[in-house]
Amino acid sequence: ATGGTDGVVRCWDVASGREILTGKGHNSWVSSVAFSPDGKTLASSSSDRTVKLWNCHSGECFQTLLGHSDMVRSVVFSPDGQTLATGSDDRTVKLWNCHSGECLQTWQGHSNWVLSVAFSPDGKTLASGGCDSTVKLWDCRSGDCLQIFQGHSNWVRSVAFSPDGKILASGSNDRTVKLWGRSGECLQTWQGHSDLVRSVAFSP
C-alpha cells in the first residue's frame with residue numbers, strides 16, 4: 001500500500017504490479033498507511049486531520065476517524081487488530097476502537113509534534129517519537145507514561161520495537177539511530193548517516 005501527496009491511497013498486487021485499490025477520500029496529502037494484522041483493512045492518516053479505514057477487498061472507506069486538531073503523522077494497528085494508534089501535530093497520541101471508530105484515549109505529554117508511533121509486539125505498550133527530541137513509552141491500558149527516553153539532540157522521526165519487544169530503536173534528525181532498553185537506558189548509538197534519519201525497522 002502507498003499514500004501520496006495527491007491524497008490518494010493505493011494498493012498494489014506485488015506479483016503483477018497491478019493496482020488493486022484506489023482510495024480517494026482524503027482532501028490533502030497522505031502521511032502514513034498501515035495494514036491490519038489480518039490484511040483486510042488499510043488505515044491511512046493525512047494532513048487533513050483525519051484517519052480513514054478502507055476495506056481492502058472492495059476499496060470502500062468504511063470509517064473516518066475525527067478528533068485530531070492538526071495533521072495526523074503516523075498510524076499503526078495493535079497486534080490484535082482491535083486498536084489503532086495515531087500521532088499528530090496537535091502533540092497528542094490517540095487510541096481508537098477499530099470497529100466503532102471511538103476515540104478510547106488521548107495522551108498528552110509531548111511538547112511538540114508527534115511524528116511516529118509503534119506498538120510493542122504484545123500490544124501492551126506504545127512508543128511515540130516527536131519533535132521535542134524525546135521518545136515516550138506509554139501503558140496502553142492505563143495511559144500512563146512509563147518512560148521518557150532522552151538523548152537525541154533533534155527531532156525523533158521514527159520508532160520501532162524489536163520482535164521480542166525488549167529493545168526500541170529510534171531514528172532522528174540528529175543523524176543517529178539509537179537503541180534503548182525498556183528501562184530507559186541508551187544501549188547503542190549508531191552514526192553513519194550524513195543527514196536526518198526518517199525511518200527505522202527491525203528484521204523479523
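Is Cys140 buried or exposed, and what is its relative accessible area? Cys140 is buried, at a relative accessible area of 14%, where buried means under 20%, exposed over 50% and partly exposed in between (1.4 Å probe, protein chains only). This is a predicted model, in which local features need pLDDT of at least 70 and side-chain atom pairs count only at pLDDT 80 or more, while totals for chains, interfaces and linings use all residues. Residues are numbered from 1 along each chain as its sequence is written, and side-chain values use heavy atoms, with hydrogens and water left out.

**Cysteines**
- The count of disulfides is zero, a disulfide being a pair of cysteine sulfur atoms within 2.5 Å.
- For Cys140, the closest cysteine sulfur is that of Cys145, 12 Å away, which is too far for a bond.
- Cys186 is partly exposed, with 36% relative accessibility.
- The sulfur of Cys186 also has Cys145 as its closest cysteine sulfur, at 17 Å, again too far for a bond.

**Strands β1 to β3**
- Three strands form an open sheet in the order β1-β2-β3, with antiparallel pairing; strands are DSSP runs (E, at least two residues) numbered from the N terminus, and two of them pair if DSSP finds at least two bridges between them.
- β1 (2-3) and β3 (19-24) are the edge strands, each with a single partner, so one side of each has no neighbour in the sheet.
- Two antiparallel bridges join β1 to β2 (residues 8-12), and Thr2 stands opposite Arg10 in β2.

- Strand β10 (residues 92-97) has five of its six residues buried, so the rest of the structure largely encloses it.
- β10 pairs with β9 (residues 83-88) in the antiparallel sense over five bridges; Asn97 in β10 is the bridge partner of Thr83.
- The hairpin of β9 and β10 has three residues between the strands, and Arg91 in the turn has a positive phi of about 75 degrees.
- β10 also pairs with β11 (residues 103-108), antiparallel over five bridges, with Val93 opposite Trp107 in β11.
- Five residues separate the strands in the hairpin of β10 and β11, where Gly101 takes a positive phi near 80 degrees.

**Aromatic pairs**
- The structure holds three aromatic pairs, counted when ring centres of Phe, Tyr or Trp (its six-membered ring) lie within 6.5 Å.
- One of them is Trp107 with Trp138, at 5.2 Å centre to centre and 20 degrees between the planes, which is stacked (planes under 30 degrees apart; over 60 is edge-to-face and the rest tilted).
- Trp107 lies in β11 and Trp138 in β14 (residues 134-139), so this pair ties together parts 31 residues apart in sequence.
- Both Trp107 and Trp138 are buried.

Methods
Helices (H or I, at least four residues) and strands (E, at least two) are DSSP runs, numbered from the N terminus.
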